[in-house]
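The sequence and structure come first.

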Amino acid sequence: MATDDATPGEDFAQLLARLRDEYGVNDSQIAAAIGVSPSTMSTWVHRRRQPRPDALRKLAARYPAFTEAEIFAAAGRKTPGPLSPAAEERLLELFRGLTAEQQEIKELELRALNEHNRSALS
């Protein structure tokens, strides 16, 4: 399994190279499998950009020999916590109970936390 060969300090482009070898796929096939353009894939391979969390999750789901934690670490991002549909509904219900001003404040706080998570390992 590919995760057994993980290299400490491996970056996302290196992980993609291992994924291509493990699954016998090319960049265009990976891009199609996770719903991104070939040009987006190229920016990752050439280290010009890092993928968004939704693309990382899709990669883990489509290529299960690579764990979500491994993929997020290679992309320099912290792995988001799990969110079940029930938990998501509970959070939305709590949010709906806030005033418009409180919702705006919470949204700003969540954006700040997400930004921190994006930059914490970069």
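## Overall fold

From the N terminus on, the elements run α-α-α-α-α-α-α. The protein has seven helices and zero strands, where helices (H or I, at least four residues) and strands (E, at least two) are DSSP runs numbered from the N terminus. The model is predicted, so local features need pLDDT of at least 70 and side-chain atom pairs count only at pLDDT 80 or more, while totals for chains, interfaces and linings use all residues. Residues are numbered from 1 along each chain as its sequence is written, and side-chain values use heavy atoms, with hydrogens and water left out.

Of the 122 residues, 26% are buried (under 20% relative accessible area, 1.4 Å probe, protein chains only). Among contacts (heavy atoms within 4.5 Å) between residues at least 6 apart in sequence, 58% join residues at least 24 apart.

## Helices H2 and H3

Helix H2 (residues 27-34) packs against helix H3 (residues 38-45) at an angle of about 115 degrees, and their axes are 9 Å apart. Axes are lines fitted to C-alpha atoms over the stretch in contact, and angles run from 0 to 180 degrees between N-to-C directions.

On the H2 side, Asp27, Ile30, Ala31 and Ile34 meet Pro38, Met41, Trp44 and Val45 of H3.

## Arg77

Arg77 sits in the loop between helix H5 (68-74) and helix H6 (85-96). Arg77 is buried but has no salt bridge (a side-chain nitrogen of Lys or Arg within 4 Å of a carboxyl oxygen of Asp or Glu). The nearest side chain of opposite charge, Glu115, is 7.5 Å away; Lys and Arg count as positive, Asp and Glu as negative, and His and the chain ends are not counted.

A polar atom of the Arg77 side chain lies 2.8 Å from the backbone oxygen of Pro51.

Terms used. Buried means under 20% relative accessible area, exposed over 50%, partly exposed in between (1.4 Å probe, protein chains only). A polar contact is a pair of N or O atoms within 3.5 Å; within protein, one must be able to donate a hydrogen and the other to accept it, and residues adjacent in sequence count only if both atoms are side-chain atoms.
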